Amino acid sequence: MITAKNITKQFGKLKALDNVSVSFAKGECIALLGPNGSGKTTLIKALLGMVVPDSGTIHFAGQDIANKWRYRNQIGYMPQIGRYPENMTIAHVIDMMKDIRKADSGKHDEDLIESFGLKRMMDKRMRTLSGGTTQKVSASLAFLFNPDVLILDEPTAGLDPLSSELLKQKIIKEKQNGKLILITSHILSELDDLITEVFYMQEGRLLFHKKLSALKEETGEIKLSKAIAKIMSVKAV
Amino acid sequence: MKKILKYVIVDIVQNRIVIIYTLLLLIISLSVFNLESNSAKGLLSLLNIILIIVPLICIIFSTIYIYNSSEFIELLVSQPLKRRTIWASIFSGLAISLSLAFFIGAGIPLLLYNADATGFMMIAMGLFLTVVFVSIAMLAAGLTRDKAKGIGLSILLWLFFSLIFDALVLFLLFQFQDYPLERLMVFFSFFNPIDLSRIQILLHMDISALMGYTGAVFREFFGNSMGIMLSFAGLTIWIFMPLLFSLKKFKAKDL
Amino acid sequence: MNEEGNACFPAKKQIGMNIKHPFAIVNIAFLLLLLTILSADAKTITVGKSRSVKTIQKGIDMANTGDTVLVYPGIYKERNILLQKSIVLKGINHPVLDGENKYEILSVKTKNATIDGFRLQHSGRSEMRDMGALNIYDSYRVTAINNILDDTNFGFYIQNSRSCTIKDNSITAYGKNEVQSGNGINAWRSDSLLIIGNTIKGHRDGLYFEFVTNSLVWRNISTRNVRYGIHFMFSHHDTYIGNVFEDNDSGVAVMYTNHIYMYNNHFLNNWGDAAYGILLKDITDSDISGNHFTKNTVAIHMEGCSRINLYKNAFYDNGWAVKIQASCDNNDFTRNNFTGNTFDIGTNGSLVLNTFNGNYWDKYEGYDLNRDRTGDVAYHPVSMYSMIIDSNPAALVLFRSLIVSLLDESEKILPGVTPEELRDTRPLMKRLLL
């Protein structure tokens, strides 16, 4: 579904992406892991066309995405920090997104809006919302258009445990629907039930990209967090 | 573009600062017309508002709005939209909302109390300056990522156009007092949208004085319909130049 | 316009009149009475294309003192008709006297004559001498009334005459430049003229007086002349009331004269780098009151003037209301309204020998704590920037910019350039009703 070849991106002196090549297939749920500043977010932004790589190519469903914008119709993106124009209501934001993507109207996936209970607060202005509620709006928007690819940047940060669980269930459901899901998260314990592959980055470079099952086998651990810890310690030695 | 524009406008017209700006303009306009014994004096106060306050508010508000919308802009960029559409929508949203604010705050009182050529020209120039300074704000915000620097830059730009530029022109005038500078002055005025607007209003308010001395040159150039067209064209260039330049920046920008 | 609402003269051409000189009217009435008595046993000669007397000149030749020559409608091309008798020459429905663009049309050299109701058109033009349509030479008590002069070079040409009346005539020329045009009413070395209710358009100068004294110019309209609406010099003791001078290329210029009285005249729309509502040069001992100066580049320009009292005038929407050169002294401005002018007073020196007290200035920003209707702090009507523009005219392009406003304000706080003595120590808080 998404293939990137040798992409490099430099911000000033900092190499955010250093010759990274990836291939993400449909039906997978991939965890993008790595310490802060390892280039995860930059990679995501490159996939979304928000950051233009200095070199390398990215293909989405077989098409080069350079200077293209229509392919984003098939992506749902949930940013790390969502901030919206403060005087818009939730309804405004959702309507606006629907207007932007009016391609297949009628087939909106409003599951999350329902389960997060956003329906009751449609008329609230964005500036009056808590961080958690804003995240709920962001998550709902990502799933709203039934996209083939979901990119979720720290999706559970700021969500209460209950909502977090609701979101996880939704992610699992979409995975089973055969979608490609990219997640970055610091809370590894949350990812155990979700992911099928691990993509680990450090200092802008790809460290490894493995199936979760293979990783567990290699390390003999059941928990993702432990497995990662083990593999890192091995590498460090 | 319509898709986003509608929502951006709804957002901005409800902004507290825009509402205060509108009310403030309205209060000032109504009071100058009601308190001053003759409307000429009221017009003069409004002229200062149009030439000084309107550009200041427009450029600073727009700059801050763009910075505050950076995450929203990021979200929009992640959507299936052309960057040009996003940038144009934000520009149009700001320009339309602030023009509306100006029209309600100053335009309507002008129409009520002074609906002559001077009044119409003042409204036209106020609207032009609003849009020009939104455009310049887009450029200031597009040039730097840092919010504080961006706001500083826009204040500096405002200061340049409203004060420093004219001070330099005045300095030149005195340095080269012995040369006929009238035509050069006309030429210079095109480098400052505030000057262009001021001269157009001046041609209505102080026509008697302008007809004396160098007046002939100004009348030749600005007084006829050709000059008015050229001035309007100049102001239109002032809208699109900064905007297109900032769009070029935005298209290549990493968010 | 007419803020007084003075309805003394409802006449259609008139705007805001005060009768200061009622004797003028009595004079006319007396004259008419005299003519009636004289013509008691006079005869009337009729002239017409289909009558026995076919030319006006022949009619005049046949007439005796006190007779009336009555001219029927038609076109009369008689070259220069000469009138040297005390008769009434009267046209019915404006018979046309045509000069064929070559000749003077009618020349009068007599006393006690009246020319009434003719149309004089296409008078001649000469490089060598001034050719008038209706000439009045060395005459006494000649009256020209209700005539239409159209496409003439000089309209009325009056010299060495006394007590003549030019009344209710319409005088139109189509002058393009100063050199080829003549004056509407040109008077030279005359006395006690009455110039009343004439409409003058398109000449070099609408009215031109040289050595004309003790005369009255009343209710005339002089517009769109290629030079001045009225231009006079060495014409002492003349009175100008209720005239309108509008849209003249250079406004009005008057020179080298003492004792002029100007009341309730209107000076309008005289725009240009050398156009003045009125240019006063070497005018002394005069009275200028109740006049309206509207939309002129310079409403009043004064040089070398002394002892003029300017009061109750309204200056509205002018570029400069008053430009007073340092060569003027003992002139007094009081109870005038200055509103909507770009600059109130301009001057070229720091010496101030004139007074400006008790006027209304709309730019005055002082206060009146003791409630005596005059401001408690003095008003300085000369702005710094007007002096800058005086020395550097191109600087006008920066007028009303922020930098200029700042300069002007700082000058108000710390005067350095503007003459400190040029001020109104008791500026009025309220506009006068003028």
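This is a predicted model: local features need pLDDT of at least 70, side-chain atom pairs count only at pLDDT 80 or more; totals for chains, interfaces and linings use all residues.
Between B:L163 and B:I194 the C-alpha to C-alpha distance is 9.8 Å, although 31 residues separate the two in sequence. When neighbours within four places in sequence are left aside, B:L163 is in contact with C:L402 and C:I403.

These contacts involve chains B and C, and the contacts between the two chains were examined as a whole. On the side of chain B, 32 residues are in contact with 29 residues of chain C. Two or more residues each come from α3 (39-68), α7 (147-175), α8 (182-189), α9 (193-205), α10 (207-210) and α11 (215-223) of chain B. The greatest contribution to this side is that of α7(B), with eight residues. Sorted by class, the side of chain B that touches chain C consists of 18 nonpolar, nine polar and five charged residues.

Chain C contains four helices and 37 strands. Its radius of gyration is 25 Å, close to the 22 Å given by the globule rule for 434 residues, so chain C is as compact as a globular protein of that length. Along the principal axes, the C-alpha atoms of chain C fill a box of roughly 85 × 40 × 30 Å. Of the 434 residues of chain C, 50% count as buried. Among the contacts in chain C between residues at least 6 apart in sequence, 48% join residues at least 24 apart.

Conventions. Residues are numbered from 1 along each chain as its sequence is written. Chains are lettered from A and ligands numbered from 1 in the order in which they are written. Two residues are in contact if their C-beta atoms, placed from the backbone, lie within 7 Å. Ala, Val, Leu, Ile, Met, Phe, Trp, Tyr, Cys and Pro count as nonpolar, Asp, Glu, Lys and Arg as charged, and the others, Gly among them, as polar. The radius of gyration is taken over C-alpha atoms; the globule rule is 2.2 Å times the number of residues to the power 0.38. A residue is buried if 20 or more other C-beta atoms lie within 10 Å of its own, exposed if 12 or fewer, and partly exposed in between; C-beta atoms are placed from the backbone.
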